[in-house]
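Please walk through this protein with the model open beside the text.

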Amino acid sequence: MALEIRLSAVTVDYYPGTAWQTRALAGVNLLVGENEQIALLGPSGAGKSTLLRVMAGLLVPGEGQAVIPEGGRVALALQEPQRGFFAATAWEEAAFGPENLGLAAGEVEERVRWALGAVGLPEEKWSWSPFALASGEQRRLALAAVLAMRPRFLLLDEPVAGLDGRGKRDLSRILRELVEKTGMTLVITAQEADFLFPLTRRVLVMDRGVLVADTSWGRLGEDPAVLEELGLELPAALRLLYRLAEKGAPVVPGQESVEGAMEEFRKLLG
Ligand SMILES: Nc1ncnc2c1ncn2[C@@H]1O[C@H](COP(=O)(O)OP(=O)(O)OP(=O)(O)O)[C@@H](O)[C@H]1O
Ligand SMILES: [Mg+2]
């Protein structure tokens, strides 16, 4: 049977019934299937993290329904990974998930080795306390901890926050390889559309708890008001194509993928 995450009319309030009640999600309908790569955009406070928590089954909606695959098949890497650390060493932190799935010790070891290696955490630091790692390394460890579960759905909340240029490029490469090899579904939030464009095809846009668009990069480019109203921007490659098209250059600006955009530049340069 095909795996999917299905949210129907999901509403979430923090501190319900108190003076601090905040509506974080309002009537969200969403279906996410296998082998999808999805960007989740929206200004601060739009409800992106809340949506990911519901999709991961960590938060039960106050109203509506969330149907989620079980057994470690959905994993969420938190926006502030250091807040989730609890183990004495990086190794144990990454081993917790697979151990909890009840896997044999050998299988746990193999997965942890693979996951810590995949994110490029230097081996001499595998025995360090997670709190002793630099923030970029903590990001890598948080990712390794969820990868070790070998999820079919990987939800990443602001995975590049705190990473330097090389860290971002490394992460981008790791994620592209993972998708190629495993066909896993990715849902990623980031402030930078430029990081998301090469990794994703479908684009979700949130504003004040509402899913205001469920679209693609190409269609988003054709309807710039959606992003502009929220103070967000298209990826630089698409913005440049639109500028060139405006000036009369023979390019097709509404490209769905970074490969498509690059092909337009290549044609232009002859
Ligand atoms: N743990 C919490 N307790 C109370 N209110 C919360 C909590 N987490 C989020 N909120 C509120 O819910 C709304 C949505 O927050 P959420 O963190 O989901 O947004 P976001 O899109 O992830 O924002 P950011 O881009 O800043 O991470 C906001 O109004 C926020 O203040
Ligand atoms: Mg957030």
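The buried residues of α2 pack against α3 (105–118) and α4 (135–147). Contact here means that the C-beta atoms of two residues, placed from the backbone, lie within 7 Å. Helices (H or I, at least four residues) and strands (E, at least two) are DSSP runs, numbered from the N terminus. Helix α2 spans residues 90–100, and its buried residues are A90, W91, E93, A94, A95, G97 and P98. A residue is buried if 20 or more other C-beta atoms lie within 10 Å of its own, exposed if 12 or fewer, and partly exposed in between, with C-beta atoms placed from the backbone. An α-helix has 3.6 residues a turn, so residues three or four places apart point the same way. After α2 comes G102, with a positive phi near 80 degrees.

This is a predicted model: local features need pLDDT of at least 70, side-chain atom pairs count only at pLDDT 80 or more, and totals for chains, interfaces and linings use all residues. Residues are numbered from 1 along each chain as its sequence is written, while chains are lettered from A and ligands numbered from 1 in the order in which they are written.

Now the core. The largest nonpolar core has 72 residues. Such a core is a set of buried Ala, Val, Leu, Ile, Met, Phe, Trp, Tyr and Cys residues joined through C-beta atoms within 7 Å. L40, M55, A94, A144, V146, L155 and V187 touch the most other members. α4 gives the largest share of this core, seven residues. Take V187: leaving aside residues up to four places away in sequence, V187 touches V32, I38, L40, L52, M55 and L155. In soluble globular proteins, nonpolar side chains tend to be buried together.

Next, the strands. β3 pairs with strand β8 (residues 202–207) in the parallel sense, over four bridges. Two strands pair if DSSP finds at least two bridges between them. I38 stands opposite R202 in β8. R202 also has a bridge partner in β9, S216. β8 and strand β9 (residues 210–216) run antiparallel and are joined by six bridges. The two form a hairpin with two residues between them, and R208 in the turn has a positive phi of about 45 degrees.

Two loops also hold positive phi values. Y15 has a phi of about 50 degrees, although it is not a glycine. Y15 sits in the loop between β1 (5–14) and β2 (22–32). Why does Y15 count as exposed? Y15 counts as exposed because it has 9 C-beta neighbours inside 10 Å. N35 has a positive phi near 50 degrees, and lies in the loop between β2 and β3 (37–41). N35 is exposed, with 11 other C-beta atoms within 10 Å.

What surrounds ligand 1? The shell is Y14, T22, A24, G42, S44, G45, A46, G47, K48, S49, T50 and Q79. Each has its C-beta atom, placed from the backbone, within 6 Å of the ligand. β2 and α1 (48–55) are the elements that give two or more residues to this shell. α1 gives the most, with three residues. The shell divides into three nonpolar, eight polar and one charged. Ala, Val, Leu, Ile, Met, Phe, Trp, Tyr, Cys and Pro count as nonpolar, Asp, Glu, Lys and Arg as charged, and the others, Gly among them, as polar.

Finally, the whole. The protein has ten helices and nine strands. Of its 270 residues, 38% count as buried.
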